[in-house]
Structure formats: C-alpha cells, structure tokens
Amino acid sequence: MWASALCAGGAAWLIGWRNHETRRSRAMFASEASHPPPARPWRRMVAAGRGRMGHEWWCLVAGAVVSLLGESVLPLIVGAAGVPVAARVRRARDTGRARERRAEAVIALCGEIAGEVRAGRQPGESLRLALDESDAGVGSDAGVGSGAGVGSGAARSAVLAAARFGGDVPGALRQAAQEPGAEGLLGLAACWRVAVDRGAGLAAGLERLEGALRAERDQRSDLRAQLAGARSTAVMLAGLPVLGLLMGSALGAEPLRVLLHTGPGLACLAAGGALECAGVWWALRIVRGAEGR
C-alpha cells in the first residue's frame, strides 16, 4: 500500500511536470500568428483548480492518504490543521520574494536616473522618464523594472506627480520607502534633497548609492548561500521520521497501526510530533536570526 501511494504520487508529479514543460516549449517556439489549440474541458478545470488551490492543500491530500493507509481519521485532522500553517509559510515566502524584487528595482531606478542626469536631463525629468519606461514595460505589480521599486500604485502616482509638477519629491520618496524592500528610496530622497538644496551632483550621489545597495544585496546573497546548508540539514532531519515509518512498514512492523490504534503509540506520536515541531522551529529560528544580523 505504501509503494502504491508513492508510485501514484510520483506518476502525478511526472505528468504535471511533463505538461508544464510541453506548455513552456510551445510558448517559446510558437510564432505570434499561431494560436494554441483549444484545451479540453477537463484540462481547463484542472488548470483552474491549480490556479485557485495553493501548494498548502497537499497537506490535506497527504493526511487523507495516511488516513486511508492507517485506517484512522487522526492524520486527516492533522493534515487539515497543517493547511493554514503551510499557507502562512507560502505567503511569507512570497512576501520575501516581492521584497527582493522591489530592492532590485530600487537599484535599477538609481542607475537609470543617474544615467539620465549624466546625459543632461533635469532630475525631475529623469525620474519621470524612469518611471514612465517601467509603466510602459511589464508594470509595477510584477515587481520587475526600475519603477517597480517605488512601491504601490498610490506611491508611484505621488512620486510621478511630485516629479512632474515640481512637488515634494523627497517626501514622496520617503513615503514610498515604507514598503518592504524599498528602503533604498530613503537614500534616493536624501541625495535628491542635497542636490536640489545645495546644488551637489545628483548623478555622483546616485552612483554611490547604487554601489552601496548592490554591495548590501551581494552580502545578503552570500549569507543566504552560506546558510543554505544549515537549512537543508534541518529539513532533512525533519524528514527522518517519515523514512523510519517507511522502513518499519517494509519490515512488516505495521508502525501506523501501532501509532494510531494503541495507547502507547498515540503517546509516542504526540510526544514525537511535539519534539519534531519544536526542533524545526528552533533550527529555522537560528537561521533567521543569522540572516537578520
């Protein structure tokens, strides 16, 4: 039964991966005049379900499979309880990626404004052109492009209005810098105020700011690469109990029956689950603490 469940999961993953690669190849090599063939109804339903359901629902699926194999409703309850936890982890990961994209966009924005100023344009016109070019491209919500670092639509509109009509550009930039990942806009606001009030070189200041932000980004990337081994070790150690269950089932010990249908097994399951959660939380807390410093 364990082998059948693993084979079914592997087959489903391989089918989904192959369909993803097929769609990617068609998108890469299809010409603009060609139209994709209409998808079948069941494929449209599957695609719609994938778009609405996140990866956290696999916890419920895993709980249902273990419930069927162990003939107990307890794994299903645990899987259902793990769905909001996994959703929270996914949202935190998406937030971190958005923060990194916004930081990259701030660096690109500083470089583009410095280049426009070096070319002889006024600071307000340079900022407006940098933001307008990003709007004409992929847009601000995608998190790609120089203008995406200014933040949400309201913050971008405020900065554009200040640059276009001679408003308080540093104030608008400081307001936009409140979003996660856009902290570099504080340096841009400071350079802007010094250049306008004292006549200092804006391009030189922005180039120094861009170099400092790039160095900070490289330092974070290097630290993240050094901590990848510790994070992988914690995840691998967290998966060892599952390997133990598989080995016990292969030896005929019936670990699911012992854990789910006997008093000592339930006690061991509760204690082991609590220690497992505490260990994973503590290991990830150490890694996050190192990243924060």
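**Close-up views of the helices and their loops**

View 1. L243 is partly exposed, with a relative accessible area of 44% (buried means under 20%, exposed over 50% and partly exposed in between, with a 1.4 Å probe and protein chains only). The model is predicted: local features require pLDDT of at least 70 and side-chain atom pairs pLDDT 80 or more, whereas totals for chains, interfaces and linings use all residues. Residues are numbered from 1 along each chain as its sequence is written, and side-chain values use heavy atoms, with hydrogens and water left out. L243 is located in helix α10; helices are DSSP runs of H or I with at least four residues, numbered from the N terminus. Together with M236, L237, L240 and M247, L243 makes a nonpolar surface patch of about 500 Å². Both α9 and α10 give two or more residues to this patch, and α10 supplies the largest share, three residues. Accessible areas come from the Shrake-Rupley method with a 1.4 Å probe; for residues, only the protein chains shown count as cover.

View 2. Helix α9 comprises 37 residues, 202-238. From first to last C-alpha the helix reaches 52 Å, close to the expected 54 Å (1.5 Å times one less than the number of residues). A kink of about 35 degrees is centred on L227; the bend is the angle between axes fitted to the seven residues ending at a residue and the seven starting there. L227 is itself buried, and other buried residues of α9 include L202, L206, L209, L213 and R217.

**View 3. L185 in helix α8.** L185 belongs to helix α8, residues 185-198. With a relative accessible area of 0%, L185 is buried. L185 and A103 are separated by 82 residues in sequence, yet their C-alpha atoms lie 9.3 Å apart in space.

View 4. E71, although not a glycine, has a positive phi of about 55 degrees. This residue occupies the loop between α3 (58-70) and α4 (74-118), and E71 counts as exposed because its relative accessibility is 65%. E254 likewise is a residue other than glycine with a positive phi, near 55 degrees. E254 sits in the loop between α10 (240-250) and α11 (255-261) and is partly exposed, at 44% relative accessible area.

Definitions and conventions. Patch = residues over 30% accessible without salt bridge, like charges linked within 9 Å, V, L, I, M, F, W, Y side chains within 5 Å. Salt bridge = Lys/Arg side-chain N within 4 Å of Asp/Glu carboxyl O.
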